[in-house]
Amino acid sequence: MDSVKRRPRLWILLTLAAVTVIAVTVVVIIRATAMETLSPSDARARAAANAQPASGEVDCRKAKCIALTFDGNPGEPTNRLLDLLERQKVPSTFFLEGRRIHEHPDVVRRIAADGYEIGNHTWTHPRLTDVSDAQIREELGRTAQAISALTGKKPTLMRPPEGRTDDRVSEVSRELGVAQVLWTVTAKDYETADTSLITQRVLDGADRDGIILLHPLHKGTVPAMPGILKGLSERGYTFVTVSQLLAPGTAEPGKIYR
């Protein structure tokens with residue numbers, strides 16, 4: 001009789017144990033796939049203790065570095081922006097949309113030939129968190145192929161449109177071998193043509209290891225660039241690409257940097 005009474009208790013204990021194991025497993029899986037966001041200093045710290053930036057490159061462990069990044073398709077006025085950056089010898093990173101790359105192949109080739117870094121900004125600029133895994137792969141893969149066809153090199157960095165990312169986007173990015181790059185400063189140049197306001201927003205938000213987001217195709221952005229470059233230079237910043245900002249660390253596929 002006692003053994004019969006104990007059976008329900010035993011089943012309850014076994015059920016509770018099973019539920020506990022399942023809950024712990026779910027937590028472990030979530031933690032294993034959770035988005036990992038790293039700062040440039042985190043990336044540098046993950047490098048080997050004796051690692052050094054490439055010969056002739058800035059060491060951002062010592063210098064006060066900042067990265068200018070430009071999003072959008074490579075149409076005009078990108079050439080005017082490149083002229084300005086070239087005159088002042090300012091390294092930068094361009095995250096290119098793919099859908100109009102074929103309309104401006106010479107601009108894309110120039111960006112690469114002049115030594116600027118090129119990243120992937122998807123084909124049609126969708127919110128990647130709102131589309132399927134297959135579409136994420138299509139958006140990034142198609143753009144990577146277009147860039148590679150013109151420059152001979154596939155990008156290893158990508159910027160999710162509107163900065164929208166999650167565990168799923170991170171996992172697909174990892175599969176495709178690209179790291180995600182967000183930003184620390186945005187001028188919100190998509191909502192104003194006021195060059196003074198764009199300049200002030202950048203200067204107010206700038207800090208060491210910062211990543212600045214700008215959009216060349218918006219009316220006020222390129223006219224604001226002389227003031228932005230002058231203001232940041234006067235504050236002692238050294239301009240670098242995103243990859244140079246992370247060196248001697250390297251961007252890890254799937255990880256998020258900001």
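Biologist: How many bridges join strand 3 to strand 4?

Modeller: Keep in mind that this is a predicted model. Strand 3 covers residues 93–96 and runs parallel to strand 4. Phe95 stands opposite Gly119 in strand 4. The number of bridges joining the two strands is 4.

Biologist: Is Leu140 buried or exposed?

Modeller: Leu140 sits in helix 5, residues 133–151. Beyond its neighbours within four places in sequence, Leu140 is in contact with Asn120, Thr122, Met158, Ser173 and Leu176. Its relative accessibility is 2%, and the cut-off for buried is under 20%, so Leu140 counts as buried.

Biologist: How are helix 3 and helix 8 arranged relative to each other?

Modeller: The axes of helix 3 (residues 78–87) and helix 8 (residues 221–234) come within 10 Å and cross at roughly 15°. The contact is made by Arg80, Leu81, Leu84 and Leu85 from helix 3, with Val222, Met225, Pro226 and Leu229 from helix 8. Angles under 35 degrees count as roughly parallel, so that's what these two helices are: roughly parallel.

Biologist: Which residues does Thr199 touch, leaving out those up to four places away in sequence?

Modeller: Look in helix 7, residues 195–205, for Thr199. Thr199 is buried, with a relative accessible area of 14%. The residues it touches are Ala224, Gly227 and Ile228.

Biologist: Where is Pro77, the one with the cis peptide bond from Glu76?

Modeller: That peptide bond, Glu76 to Pro77, is cis with omega near 10°. As for its place in the chain, Pro77 lies in the loop between strand 2 and helix 3.

Biologist: What is the phi of His125?

Modeller: His125 is in the loop between strand 4 and helix 5. With a relative accessible area of 29%, His125 is partly exposed. Its phi is positive even though the residue is not a glycine, and the value is near 65°.

Conventions:
Residues are numbered from 1 along each chain as its sequence is written. This is a predicted model: local features need pLDDT of at least 70, side-chain atom pairs count only at pLDDT 80 or more; totals for chains, interfaces and linings use all residues. Side-chain values use heavy atoms; hydrogens and water are left out. Two strands pair if DSSP finds at least two bridges between them. Buried means under 20% relative accessible area, exposed over 50%, partly exposed in between (1.4 Å probe, protein chains only). Contact means heavy atoms within 4.5 Å. Axes are lines fitted to C-alpha atoms, for helices over the stretch in contact, and angles run from 0 to 180 degrees between N-to-C directions. Angles under 35 degrees count as roughly parallel, over 145 as roughly antiparallel, 65 to 115 as roughly perpendicular and the rest as oblique.
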